[in-house]
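Me: Hi! Could you walk me through this structure in plain words?

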Amino acid sequence: MAVQTRVVSIFFIQLVLLAVSGLNRANGAGLRTGYYDESCPDAETIALKTIRKAISKDVTLAAALLRLHFHDCFVRGCEASVLLDAAEEGDAEKDASPNFSLRGYDVIDDVKSAIEKSCPGVVSCADILALAARDAVRLTGGSFWKAETGRRDGRISLSKEADENLPSSNFNIAQLKQNFASKGLTKKDLAVLSGAHTIGVASCFVITDRLYNFTGRSDTDPALDPTFASELKKKCKPGGGGPFLELDQGSSTISDAHFYKAVRQNRGLLTTDAALLNDHVTRAYVNRQSTSAAAGATFGRDFGESMVKMGEIGVLTGNEGEIRKRCAFVN
Ligand code: HEM
């Protein structure tokens, strides 16, 4: 009996420790602003300079960089697993279908090489992703926030985990809320972070069902403004072929609150953007950001806050993981 009690209490202690370490993971303990102030004081300046150069040549890279950080953080946490090449062919996160259209890997590599020249082996690829996302937003006219750093890089990247963890473009609002909640993010974070779609593009493929086969009866999503739907049908073929489309029509290279106006007018491109109107918290946020005179400022502030929170998901800190020498390979 005594042995049983001891086994039970050891099990209980282990459970508590597991829960506490899980919480630490989730709340970004070990991250802080200015983490490299002593060890690599120019890290953020070098990153900004390199990213500015890339974006000045091709403004669409800003969206690509912002999306990379999101796709990193939602799979195994923000530990740069999205950047790793497959150990076995086709096996890494970047090989998973939701990641086929990720871009901007070269820019991250350029930032890493430039920083390595100043301070070798100090700055993680995971932090570079967070800094790149932050700088992408400010360089496209969006807000600036102080980015937390101190992340370390993971050593595992599995395509099936990307499939399991990234929200699908067909998710309804309940699935979106559930997916964000599983990462410690609220409904407000969902509404705010969806505003990342103020920049960037999507392929016709991701809206084919919305246009041509919404409920399996060759119908169009009734939540889509009919004029907008006809415009889109002219561009996108039923099989998914067609050009890339602006996520925020007419304003896809500027980080602003215009996206919410489009969503409110049923002109949000993705099913998941339109779905923000189907929950009272996310709908209220869309309405506020599309009508308030202070929309730009409040969206900018909110976006910075939610990005910092997203950047804390499942981070590795202290002695965990490693500082990769090259972002596509473990050391
Ligand atoms: C709420 C759930 C989300 C879903 C379902 C979703 C889905 C998508 C899809 C389907 C695309 C187009 C991809 C393609 O056509 O290949 C896209 C693009 C993009 N997403 Fe999201 N996304 C979500 C949230 C986010 C978040 C939280 C961020 C960043 C914080 C983000 C940033 C972007 C950006 C910037 C692009 C444009 C990329 C480019 O132009 O290369 N998304 N997203």
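**The iron and its surroundings**

Me: Which protein atom is a donor to the iron atom of the ligand?
Reply: The only protein donor is His197, through NE2, at 2.1 Å. Donors here are N, O and S atoms within 2.8 Å of the metal (3.2 Å for Na, K and Ca), and water is not among the atoms, so sites may look incomplete.

Me: Before we go on, what kind of model is this?
Reply: This is a predicted model, where local features need pLDDT of at least 70, side-chain atom pairs count only at pLDDT 80 or more, and totals for chains, interfaces and linings use all residues. Residues are numbered from 1 along each chain as its sequence is written, and side-chain values use heavy atoms, with hydrogens and water left out.

Me: Thanks! Where is His197 in the chain?
Reply: His197 sits in the loop between helix 8 (187–194) and strand 3 (201–202). Helices (H or I, at least four residues) and strands (E, at least two) are DSSP runs, numbered from the N terminus.

Me: What does helix 8 do with helix 14?
Reply: Their axes come within 9 Å and cross at roughly 110°, helix 14 being residues 295–310. Axes are lines fitted to C-alpha atoms, for helices over the stretch in contact, and angles run from 0 to 180 degrees between N-to-C directions. So helix 8 is roughly perpendicular to helix 14; angles of 65 to 115 degrees count as that, under 35 as roughly parallel, over 145 as roughly antiparallel and the rest as oblique.

Me: Which residues of helix 8 meet helix 14?
Reply: Lys188, Asp189, Val192 and Leu193 do, and their partners in helix 14 include Phe299, Phe303 and Met307. Contact means heavy atoms within 4.5 Å.

Me: Switching topic: what does UniProt list at Pro167?
Reply: An unreviewed UniProt entry places a "binding site" feature there. UniProt annotations may be inferred rather than shown by experiment; positions follow the numbering used here and feature names are shortened.

Me: Where does Pro167 lie, and what is Pro167 in contact with?
Reply: Pro167 is in the loop between helix 6 (159–165) and helix 7 (173–181). Leaving aside neighbours within four places in sequence, Pro167 is in contact with Phe70, Phe74, Leu176 and Asn179.

Me: How do helix 4 and helix 5 pack?
Reply: Helix 4 (residues 105–118) and helix 5 (residues 125–139) pack at about 115°, with axes 10 Å apart. In their contact, Ile108, Val111, Lys112 and Ile115 of helix 4 meet Cys125, Ile128, Leu129 and Ala132 of helix 5.

Me: And at what angle does helix 2 cross helix 5?
Reply: Helix 2 (residues 43–57) crosses helix 5 at roughly 55°, and the axes come within 10 Å. That makes helix 2 oblique to helix 5.

Me: Last one: how much helix and strand is there over residues 30–331?
Reply: That stretch is 45% helix and 3% strand, and its end C-alpha atoms are 22 Å apart.
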